[in-house]
Amino acid sequence: MLRSISRRTALTGLAAVSAAALLSACSDSGEQANAATPKPAEPATPAATPAAPATPVQAVKVPEAQGTVDMAKLVEAGSLPDMIIGKADAPVTIVEYASMTCPHCAHFHETTLPALKTKYIDTGKARLIYREFPFDPLAEAGFMLARCSKDNYFPMVDVLFKQQQSWAGSQNPKDALLQISKLAGFTQESFEACLTDQKLLDDIRAVRARGENDFKVDSTPTFFINGKVYKGAMTIEEMSAVIDGML
């Protein structure tokens, strides 16, 4: 479906997309993530305050990788410049493929990513390469707006994830996205210009196609940690168990 969408779909197709379908779009088939596609990991439920503190990494079994890829090939330049947080010489590289309308991706970015940044990215132990893997026109639109935000790419992604329910679940997602975009400095004209940029749309689709064809990404979020594949919204404890073993 994504490859057959015409030029103005990212703008004019927003109102035609089912909000219910968007919020379950974490698998390649467009079905809910608990169907045939591997189910994203459920976020860890915070336990009651323990009598004696336990080290999170010790309490969590190291997640089992679901495959490996050639790391050198994975980090090669694609159709768009990679969006990266962290130092280039970090010993651990995390590549995340995500969709803006995937609730599991939003949960990871709201709950796990802040701790990941504090513990590993800001300390130079890891870097995060973020790549677009949209499952629907509205996710494409969100990524296009983030790319058009230039240096504010990650702040825009953060806002869109935090307000995902308000725009992805809206009866009029175009207007909802416009209001969010205006707060980020867009005008009506720049908003429409961004969402009718055919080259940008094609490039974002190429990022997805590369992930799908070369690295077998079929659900979001999918993480590659130093070339090892992990699918699902990992908790900070799970990511720590993997990363610490690589340091």
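Which helix holds the place of Thr112? Thr112 sits in helix H5. The legends below concern a predicted model, in which local features need pLDDT of at least 70, side-chain atom pairs count only at pLDDT 80 or more, and totals for chains, interfaces and linings use all residues. Residues are numbered from 1 along each chain as its sequence is written, and side-chain values use heavy atoms, with hydrogens and water left out.

**View 1. Thr112 in helix H5.** Helices (H or I, at least four residues) and strands (E, at least two) are DSSP runs, numbered from the N terminus. Thr112 counts as buried, at 4% relative accessibility. Buried means under 20% relative accessible area, exposed over 50%, and partly exposed in between (1.4 Å probe, protein chains only). The side chain of Thr112 reaches the backbone oxygen of Met234 at 2.9 Å. A polar contact is a pair of N or O atoms within 3.5 Å; within protein, one must be able to donate a hydrogen and the other to accept it, and residues adjacent in sequence count only if both atoms are side-chain atoms. Leaving aside residues up to four places away in sequence, Thr112 touches His107, Met234, Thr235, Ile236 and Met239. Contact means heavy atoms within 4.5 Å.

**View 2. The open sheet of 5 strands.** The strand order is S1-S3-S2-S4-S5, and the pairing is mixed. Strands S1 (83-85) and S5 (228-231) stand at the edges; each has a single partner strand, so one side of each is left without a neighbour in the sheet. Neighbouring strands are turned by 20 degrees against each other on average, direction ignored. Two strands pair if DSSP finds at least two bridges between them. S2 (residues 92-98) and S4 (residues 222-225) run antiparallel and are joined by 4 bridges. Ile94 has Ile225 in S4 as its bridge partner.

**View 3. Helix H5 across the strands.** H5 (residues 103-121) lies across S1, S2, S3 (126-132) and S4. H5 runs at about 155 degrees to S3. Axes are lines fitted to C-alpha atoms, for helices over the stretch in contact, and angles run from 0 to 180 degrees between N-to-C directions.

**View 4. The buried residues of helix H9.** In H9 (residues 173-183) they are Pro173, Ala176, Leu177, Leu178, Ile180 and Ser181. Their cover includes helices H6 (137-148), H7 (153-162), H8 (164-168) and H10 (188-195). Just after H9, Gly185 takes a positive phi of about 100 degrees.

**View 5. Leu200 in helix H11 (residues 198-215).** Leu200 is buried, with a relative accessible area of 10%. Its C-alpha atom is separated by 8.6 Å from that of Leu80, 120 residues apart along the chain.
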